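Hi,

Here is the structure I promised to pass on.

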Amino acid sequence: MLASADVLAQSAGGSNITFLIMIVGFIALMYFVMIRPQRKRQREQQDMQNNVAPGARVMTIGGLYGTVVDSDDETVTLEASDETFLVFARQAIAKVVTPAETTESDETEEAPAAEEISDADATLSDEDLDKLRASDDDKGEDDKGKHAGNPDRKEY
């Protein structure tokens, strides 16, 4: 009788050790599959946010694109359009679209010049304005387009 009790105790102890090995193996598997890659992505994101330099084109977490004009330890100033400057926390930068040019060889190469349009060419004539007003009248009173409430709104 005593011998059968020892056999039962050893088999129960063996299953406990097997169970512990399985639990430790599962935790190790979870670490290598989930936790370690996530930490790597967080570290890369943090490095990117800390190393963003003026001149870089970035996208914020809200989807706004802008060019970095100035930065300090906590904030980054972006130029969203001409003379429109926005200040964001560094953590709001989702990705760098175009890195800042830092080498002299990049600065010496000139990009093809964009076609410049004079102010006279960019201004609508009275005939063009009349055509636009006529097309707005054809839409009806209920649907006057996206600028129905504010005719003086400027779109950039």
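**What I found**

Arginine 36 sits in helix H1, which covers residues 2–50 (helices are DSSP runs of H or I with at least four residues, strands are runs of E with at least two, and both are numbered from the N terminus). Before you go on: this is a predicted model, where local features need pLDDT of at least 70, side-chain atom pairs count only at pLDDT 80 or more, and totals for chains, interfaces and linings use all residues. Residues are numbered from 1 along each chain as its sequence is written, and side-chain values use heavy atoms, leaving out hydrogens and water.

Arginine 36 is partly exposed, at 48% relative accessible area (buried is under 20%, exposed over 50%, partly exposed in between, with a 1.4 Å probe and protein chains only).

Phenylalanine 19 is in helix H1 too. Phe19 also belongs to a nonpolar surface patch of about 1,100 Å², whose members include Leu20, Ile23 and Phe26 (patch residues have over 30% relative accessible area and no salt bridge; nonpolar side chains, meaning Val, Leu, Ile, Met, Phe, Trp and Tyr, are joined within 5 Å, and like charges within 9 Å). A salt bridge here is a side-chain nitrogen of Lys or Arg within 4 Å of a carboxyl oxygen of Asp or Glu.

Now the strands: S3 (residues 75–81) and S4 (residues 84–89) run antiparallel, joined by six bridges (strands pair if DSSP finds at least two bridges between them). Glutamate 79 faces phenylalanine 85 of S4. In the loop between S3 and S4 you'll find glutamate 83, which has a positive phi of about 60° despite not being a glycine. Glutamate 83 is exposed, at 69%.

Cheers

Technical notes
Accessible areas come from the Shrake-Rupley method with a 1.4 Å probe; for residues, only the protein chains shown count as cover.
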